[in-house]
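Take a look at the chain shown here. The report picks out some of its residues and then turns to the whole.

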Amino acid sequence: SFLLHGDLHGLFVGIAYSYKLAFGVIVYSIFSIYLKYKLISISVLTKYIVFSGILYSLIVFLSDLLGISFGSHGEGLGSKGVFASGNGLGLYVGLCFLLLICSHKKFTLTYFFSFVLMSYVLLGLMTRASIALLFLGVVLFIIRSPRKYRIPFYMAITLLVFIFVDKLADVI
């Protein structure tokens with residue numbers, strides 16, 4: 001293809017996309033073999049994935065605190081920390097957020113910290129994907145949570161909506 005169009009930039013973009021596609025296929029193949037031969041359990045794999053989402057969220061949070069984060073939409077609305085893609089980060093942290101909610105049966109302090117941290121990052125990204133996954137996660141959390149946690153959760157959601165109403169209105 002490069003020989004036909006002769007554009008070096010197009011060649012590098014093609015190589016980058018090929019690498020991303022090959023990486024996904026290789027990771028899937030390796031994990032399916034690991035799961036098939038019981039070299040790793042699905043619960044351990046889920047813990048690793050959720051932990052990586054927490055780690056990414058922590059990096060975004062710390063870069064926000066240090067003032068070295070980049071905007072998701074240029075300068076202004078949203079913060080993607082030091083990462084290159086706000087949409088990619090939103091999808092990854094959002095899926096880790098959903099795995100966190102689905103995989104935990106007990107409401108511990110670590111679970112609560114992880115939930116709040118990932119929620120902060122998803123809301124702070126201000127991309128449509130991150131907001132949609134945050135909304136889906138909150139609904140899933142409400143469905144799965146014991147009744148005694150629902151009223152404080154509703155109050156916290158109401159407080160967050162009032163705090164971020166201007167930013168949410170800009171995104172919507």
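## Ser57 and its surroundings

In this predicted model, the side chain of Ser57 reaches the backbone oxygen of Gly53 at 2.8 Å. Ser57 is part of helix α3. Is Ser57 buried or exposed? Its relative accessibility is 0%, and buried means under 20%, so Ser57 counts as buried.

Which residues does Ser57 touch, once those up to four places away in sequence are set aside? They are Val93, Leu117, Met118 and Val121. Val93 is also one of the buried residues of α4.

With 43% relative accessibility, Ser43 counts as partly exposed. The side chains of Ser43 and Ser41 are joined by a polar contact of 3.2 Å.

Now look along the chain. Ser43 and Leu123 are 80 residues apart in sequence. Their C-alpha atoms are separated by 27 Å.

## The loop between α3 and α4

Start with Ile68, which sits in the loop between α3 and α4. Ile68 has 47% relative accessibility and counts as partly exposed. Leaving aside neighbours within four places in sequence, Ile68 is in contact with Ser63, Gly81 and Val82. Thr158 is 90 residues away from Ile68 along the chain, and the two C-alpha atoms are separated by 29 Å.

Lys80 is in the loop between α3 and α4 as well. Is Lys80 buried or exposed? Lys80 has 13% relative accessibility; buried means under 20%, so Lys80 counts as buried. Its contacts, not counting residues up to four places away in sequence, are Val60, Phe70, Gly71, Ser72, Ser85, Gly86, Leu89 and Leu125.

Ala84 has a relative accessible area of 71%. Exposed means over 50%, so Ala84 counts as exposed. How far apart are the C-alpha atoms of Ala84 and Ser72? They are separated by 9.0 Å, and the two residues are 12 apart along the chain.

## Helix α4

At the start of α4, a side-chain oxygen of Ser85 comes to within 3.0 Å of the backbone nitrogen of Gly88. The helix itself takes in residues 86-103. Does its length fit its residue count, or what span should we expect? At 1.5 Å a residue, its 18 residues should span 26 Å. The end C-alpha atoms are 25 Å apart, which agrees.

Lys38 has a phi near 55°, a positive value in a residue other than glycine.

The loop between α5 (109-125) and α6 (128-144) holds Met126. At 4% relative accessibility, Met126 counts as buried.

## The whole protein

How many helices and strands does the protein have? There are 8 helices and 0 strands. From the N terminus on, the elements run α-α-α-α-α-α-α-α. Along the principal axes, the C-alpha atoms fill a box of roughly 65 × 50 × 30 Å.

The protein has 172 residues, and 28% of them count as buried. Its accessible surface comes to about 11800 Å². Carbon and sulfur atoms account for 73% of that surface. Among contacts between residues at least 6 apart in sequence, 62% join residues at least 24 apart.

The protein has 13 positive and 5 negative charges.

Definitions and conventions:
Residues are numbered from 1 along each chain as its sequence is written. This is a predicted model: local features need pLDDT of at least 70, side-chain atom pairs count only at pLDDT 80 or more; totals for chains, interfaces and linings use all residues. Side-chain values use heavy atoms; hydrogens and water are left out. Helices (H or I, at least four residues) and strands (E, at least two) are DSSP runs, numbered from the N terminus. Buried means under 20% relative accessible area, exposed over 50%, partly exposed in between (1.4 Å probe, protein chains only). Contact means heavy atoms within 4.5 Å. Accessible areas come from the Shrake-Rupley method with a 1.4 Å probe; for residues, only the protein chains shown count as cover. Lys and Arg count as positive and Asp and Glu as negative; His and the chain ends are not counted. The place of a charge is taken as NZ of Lys, CZ of Arg, CG of Asp or CD of Glu. The expected span of a helix is 1.5 Å times one less than its number of residues. A polar contact is a pair of N or O atoms within 3.5 Å; within protein, one must be able to donate a hydrogen and the other to accept it, and residues adjacent in sequence count only if both atoms are side-chain atoms.
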